[in-house]
Amino acid sequence: MKQPYSHDHCERRIPRHLGAHKCLIAAGLVLLCSHTCLGQRTVGNTATYRVTTYDSLGAMLCQEDVKVVFGLLPWQSDKTQNTLIYEYDSTNACIDMLRLGAVCPEGRRFELLRMSEEETGYRDNDSVFWMHPMRANQFWFMEIAPFPYILKKQPVGKSYSYGVQPTPEWCELAGKAVSRYTILTKSARILSQKAWLVVATSMHPTQPSSTLVLYYSPRKGPLAMYYMLANRTNVWIERKD
């Protein structure tokens, strides 16, 4: 793929007085350009999302802003993914209000993660956008909900699937959850921006189904994600910036 800035273009922007260092600096600029100047990738960007949790009747339970960092470096747990970081501004209020918790089949108590920061992974390339959703604090039921997942070359209207299999440590969430996705249109509007509209439903062997309505921008990534989770809470995630 042709880079948006050639070596010569980047080099011309470097002052002559830097002398022998300009080639190294130019190389660094080309690398930076390849990650952040494509205009079609989330790689290297940061976004803030307003996250609102509702009960099954639509009453708002709690709200917080979550900062999402789409990192440049590989995720240590899976080098095929880039590092994705969620920074939460609340670790207790929503958890306590929702009285979240679970009991494992053998009676062992599920330990809910109360975290101010969660590190996981994502992929964004010419063919695929895929990311782990939030799963710490009150968001742990997203482990069996549809992950934000786009097959970029998939035709509108044609469905595709993706599955995850939480391990026994996830207690009653353990078991294979299979999500089925359909791109409804690539010319929807959300938050005053053009977006792809994708709907997905996840089926789990022991839990109720989960649904995701995803508005996705090839330039910015997810603009909005509207979840109905298996615990019958609804989580609305909308980009603020």
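Where is Asn137 found? I looked this residue up before anything else in the predicted model, and I place Asn137 in the loop between β5 and β6.

I then checked its accessibility: Asn137 counts as buried, at 0% relative accessibility.

I found a positive phi also at Arg232, near 65 degrees, and this residue too is other than glycine. Arg232 has its place in the loop between β11 and β12. Is Arg232 buried or partly exposed? I read 32% relative accessibility for Arg232, so it counts as partly exposed.

**Entry: the chain as a whole**

I recorded three helices and twelve strands in the protein chain. The chain has 241 residues, and buried residues make up 45% of them. I also looked up the contacts with a separation of 6 or more: residues 24 or more positions apart account for 52% of these in the protein chain.

**Entry: aromatic pairs**

How many aromatic pairs does a search of the whole structure find? I recorded 16. I took Trp130 and Phe147 for a detailed look. Trp130 belongs to strand β5 (residues 128-131), while Phe147 lies in the loop between β5 and β6 (149-151), so the pair ties together parts 17 residues apart in sequence.

I checked the burial of both partners. Trp130 has a relative accessible area of 4% and is buried. Phe147 likewise counts as buried, at 2% relative accessibility.

My next pair was Tyr226 with Trp236. Here the ring centres lie 5.1 Å apart and the planes are at 80 degrees, so the pair is edge-to-face. I noted that this pair links distant parts of the chain, ten residues apart: Tyr226 is in strand β11 (residues 221-228) and Trp236 in strand β12 (residues 234-239). Trp236 is partly exposed, with a relative accessible area of 39%.

**Entry: charges over rings**

Which charged end sits over the ring of Trp130? I found that of Arg123, 5.3 Å from the ring centre. A further case is Lys186, whose charged end sits over the ring of Trp196 at 4.4 Å from its centre.

I searched the whole structure for cavities of 30 Å³ or more and recorded one. The largest cavity holds about 90 Å³ of space.

I turned to Lys67, which is found in strand β2. Lys67 is partly exposed, with a relative accessible area of 35%. What does Lys67 touch, leaving out residues up to four places away in sequence? I listed Thr46, Ala47, Thr48, Ile85, Tyr86 and Glu87. For Lys67 and Ala47 I also took the C-alpha to C-alpha distance: the two are 5.9 Å apart in space and 20 residues apart in sequence.

Leu72 has its place in strand β2 as well. I recorded a relative accessible area of 39% for Leu72, so this residue is partly exposed. The C-alpha atoms of Leu72 and Val43 are separated by 6.0 Å, although the two residues are 29 apart along the chain.

Notes
Residues are numbered from 1 along each chain as its sequence is written. This is a predicted model: local features need pLDDT of at least 70, side-chain atom pairs count only at pLDDT 80 or more; totals for chains, interfaces and linings use all residues. Side-chain values use heavy atoms; hydrogens and water are left out. Rings of Phe, Tyr and Trp (its six-membered ring) pair if their centres lie within 6.5 Å; planes under 30 degrees apart count as stacked, over 60 as edge-to-face and the rest as tilted. Helices (H or I, at least four residues) and strands (E, at least two) are DSSP runs, numbered from the N terminus. Buried means under 20% relative accessible area, exposed over 50%, partly exposed in between (1.4 Å probe, protein chains only). A charge sits over a ring if NZ of Lys or CZ of Arg is within 6 Å of the ring centre and within 35 degrees of the ring normal. On a 1 Å grid over the protein atoms alone, a cavity is a set of points where a 1.4 Å probe fits but cannot get out, and a pocket is an open set with protein on both sides within 12 Å along at least five of seven lines; lining residues have an atom within 4 Å of a point. Grid points are joined across faces, edges and corners, and a volume is the space filled by probe spheres set on the points. Contact means heavy atoms within 4.5 Å.
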